[in-house]
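Trainee: Could you take me through one part of this model slowly? I would like a close look at the sheet and what can be said about its strands.

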Amino acid sequence: MVFHGSVDERASLHEEVLDRLFVEAHTTNTFSDEAVDPAVIAEVYEDIRWAPTQMNAQPLRLTLVHTSEAKRRLGPHMRPGNRDKTLAAPITIIAAWDPTWHHHLPVLAPHREGAREKLDPDPEARREIGQRSAYLQIGYLIIGLRAYGLHVGPMTGLNPTGVDEEFHAETGWKTAVVINVGWKPNADDAKAIRPRAGRLSFDDACQIV
Ligand SMILES: Cc1cc2nc3c(=O)[nH]c(=O)nc-3n(C[C@H](O)[C@H](O)[C@H](O)COP(=O)(O)O)c2cc1C
């Protein structure tokens with residue numbers, strides 16, 4: 001059997017890019033003082049929207065929490081250990097999934113005739129498909145933010161019902177992950193990152209059959 005492609009293709013991508021996206025990318029608690037323009041997040045979104053999703057459903061919905069007034073509304077719904085760093089982050093993204101993602105199917109999946117009508121009475125199928133693909137899109141979002149030089153602190157330590165009541169009352173979106181976003185933390189900030197913990201090796205996590 002001949003295996004080919006991956007090593008050559010990796011070599012053609014700059015080592016620097018791979019390091020930024022993967023090897024040196026670190027979850028961070030703090031950021032530099034520089035503001036993040038929501039327009040930068042819009043640019044990131046333009047790129048990450050090409051992620052594959054089931055039925056091309058694209059159920060991910062984002063709320064950019066940018067003003068101090070909006071941060072004040074988010075704070076009480078974060079777990080105490082996540083609260084201060086969320087209030088201090090230049091921008092915080094509430095990543096959610098839309099239970100009515102199927103309304104867009106006539107445009108997003110015109111080849112699936114009647115799919116919207118079939119899913120209308122089936123909220124459980126919409127939840128399963130919507131959550132699955134939204135989490136996949138969130139992975140793309142994290143990598144996309146890093147590709148633009150931003151740093152991220154994803155969190156699930158929060159009260160999703162409270163966040164939904166506060167920010168999604170009109171849309172019905174369901175909070176999945178909240179992500180603090182900003183520019184590279186100051187080098188002398190000891191609280192910014194934790195020392196890297198272990199990662200499973202290929203042999204630990206994979207099988208070849
Ligand atoms: C879905 C998800 C939820 C997380 N929730 C929290 C959280 O509530 N609070 C927190 O401080 N870190 C949280 N983290 C951060 C992880 O602990 C961190 O990404 C992981 O330990 C890897 O750290 P590293 O990137 O520095 O190697 C979360 C990460 C993910 C992806």
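Mentor: Happy to! Let us begin with a word we need: two strands pair if DSSP finds at least two bridges between them. Strands of a sheet pair through backbone hydrogen bonds, either parallel or antiparallel. Keep in mind that we are looking at a predicted model.

Here the sheet is an open one, built from four strands in the order 1-2-4-3, and its pairing is antiparallel. Strand 1 (60-65) and strand 3 (151-155) form the edges, each of them pairing on one side only. On average, neighbouring strands of this sheet are turned by 25 degrees against each other, with direction ignored.

Strand 3 is joined to strand 4 (residues 174-182) by five bridges, in the antiparallel sense. To find one of these places in the structure, look for Gly153, whose bridge partner in strand 4 is Asn180.

Among the residues surrounding the ligand are Pro154, Met155 and Val177. Other residues around the ligand include His26, Thr27, Asn82, Arg194 and Arg196. Taken as a whole, the shell around the ligand divides into five nonpolar, five polar and two charged residues.

Key
Residues are numbered from 1 along each chain as its sequence is written. This is a predicted model: local features need pLDDT of at least 70, side-chain atom pairs count only at pLDDT 80 or more; totals for chains, interfaces and linings use all residues. A residue is near a molecule or strand if its C-beta atom, placed from the backbone, lies within 6 Å of it. Ala, Val, Leu, Ile, Met, Phe, Trp, Tyr, Cys and Pro count as nonpolar, Asp, Glu, Lys and Arg as charged, and the others, Gly among them, as polar. Helices (H or I, at least four residues) and strands (E, at least two) are DSSP runs, numbered from the N terminus. Axes are lines fitted to C-alpha atoms, for helices over the stretch in contact, and angles run from 0 to 180 degrees between N-to-C directions.
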